[in-house]
Amino acid sequence: MSTTEREPLRLMAVHAHPDDEASKGAAATAKYAADGVEVLVVTCTGGERGDILNPSFTLPEGHEFETLEGRLAVRRLEMARSAEALGVRHAWLGFVDSGLPEGDPLPPLPEGCFGLVPLEEASEPLVKLVREFRPHVITTYDPSGGYPHPDHIKCHDVSAEAFAAAGDPERYPGTGEPWEPLKLYYNHGFSMDRLRAAHEAMTAAGLESPFGDWIESRDAREIPERQVTTLIPAAEYFAHRDEALRAHASQIDPQGFFFAVPRDLEADVWPWEEYELAESRVPLPERAPGEHEDDLFTGVREALAHQGDGRAPAGVPA
Ligand SMILES: [Zn+2]
């Protein structure tokens, strides 16, 4: 970071459930926090409709997992440990987990859940938080949610709405001074490039890769790949990510999928976390085809450095 900047950079990472911050962009948030960027992870719901997904999970003393309240308490505990592992601040929006509807036909969503809250009502607490925290960059999921959980889709919707509306003094009155964030990104969890790199490296090392079937089924379904514009080198912070994953002990099996790739091999073949730039309000340098950004604040650092010299772009108070 250049010393000519007048204020710290701020990054807001918006997620649907506690544990999503540990599996999507975790190492990048830890890296930025360690670099002195103010990082706020925002979790839309309490994750209280998650089942226990880790066979070796033992309930913390004095807790239960039978009621929504009991689950909420456990997941709050886990979330606090994850935020600590990443070195980030954390805020809840306070909505209720919609659960992942399963069956054919799909059952209706439970009454009062995040997925059913009308867009403006669901976005208001996030707009308020954006106006308080004043992030330069916001990360969220792509419009499909990244995977078809109603809370992930809604997470996209409220983030896009907050990005669009927080700077507009006419919108969301009574939620603070307008603030216009400068860049919006979508998280990419598992691009085909990343899956293939891990799969090939594991196979070459004589290890059993868990990705073969997944790659085949994705190839077969011809799911269009979303564009990855940005690769953040973050291998140095993969251990922070892993600690955050393990903090979500009710959800993440330490012997399971997220730990399938040996860490030295992962750092070797895929030392990045991936993002897709969705919107920028600052000018960006031209990129050659196939070239990636390596910093979420590209263009933002430059814009802030110009603050006060009469060339502040829109959104940056001069
Ligand atoms: Zn989730």
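**View 1. Strands E1 and E4 side by side in the predicted model.** Let's start in the sheet: E1 and strand E4 (residues 137–140) run parallel and are joined by three bridges. Within this pairing, Met12 sits opposite Ile138 in E4.

**View 2. The annotated binding site.** The unreviewed UniProt entry places a "binding site" feature at His17, Asp20 and His152. These positions are spread over 136 residues of sequence, yet they cluster in space, with a largest C-alpha distance of 9.6 Å. His17 is found in the loop between strand E1 (10–15) and helix H1 (20–23), while His152 belongs to helix H5 (residues 150–165). Is His17 buried or exposed? His17 has 26 C-beta neighbours inside 10 Å, and 20 or more are needed to be buried, so His17 counts as buried. His152 is buried too, with 26 other C-beta atoms within 10 Å. Leaving aside neighbours within four places in sequence, His17 is in contact with Thr43, Thr45, Gly47, Gly50, Asp97 and Asp151. On the same terms, the contacts of His152 are Ala16, Tyr141, Gly145, Gly146 and Tyr147.

**View 3. Helices H4 and H5 crossing.** Helix H4 (residues 119–133) packs with H5 at an angle of about 55°, and their axes are 8 Å apart. That angle makes H4 oblique to H5. The crossing of H4 and H5 is right-handed. From H4, the contact is made by Leu119, Ala122, Ser123, Leu126, Val127 and Val130. H5 contributes Lys154, Asp157, Val158, Ser159, Glu161, Ala162 and Ala165.

**View 4. Backbone details worth a look.** Most residues other than glycine have a negative phi, and most peptide bonds are trans. Which peptide bond is cis, with omega near 0°? The bond in question runs from Asp104 to Pro105, and Pro105 lies in the loop between E3 and H4. Arg134, in the loop between H4 and E4, has a positive phi near 55°. Arg134 counts as partly exposed, with 18 C-beta neighbours inside 10 Å. Tyr172 also has a positive phi, near 50°, and is placed in the loop between H5 and strand E5 (183–188). With 22 other C-beta atoms within 10 Å, Tyr172 is buried.

**View 5. Around Leu59.** Our last stop is Leu59, in the loop between E2 and helix H3 (68–86). Leu59 is partly exposed, with 13 other C-beta atoms within 10 Å. Not counting residues up to four places away in sequence, Leu59 touches Glu64 and Phe65.

Note on methods. Residues are numbered from 1 along each chain as its sequence is written. This is a predicted model: local features need pLDDT of at least 70, side-chain atom pairs count only at pLDDT 80 or more; totals for chains, interfaces and linings use all residues. UniProt positions are given in the numbering used here, feature names are shortened, and annotations may be inferred rather than shown by experiment. Helices (H or I, at least four residues) and strands (E, at least two) are DSSP runs, numbered from the N terminus. A residue is buried if 20 or more other C-beta atoms lie within 10 Å of its own, exposed if 12 or fewer, and partly exposed in between; C-beta atoms are placed from the backbone. Two residues are in contact if their C-beta atoms, placed from the backbone, lie within 7 Å. Two strands pair if DSSP finds at least two bridges between them. Axes are lines fitted to C-alpha atoms, for helices over the stretch in contact, and angles run from 0 to 180 degrees between N-to-C directions. Angles under 35 degrees count as roughly parallel, over 145 as roughly antiparallel, 65 to 115 as roughly perpendicular and the rest as oblique. A crossing is left-handed if the near helix is turned anticlockwise from the far one by less than a right angle, and right-handed if clockwise.
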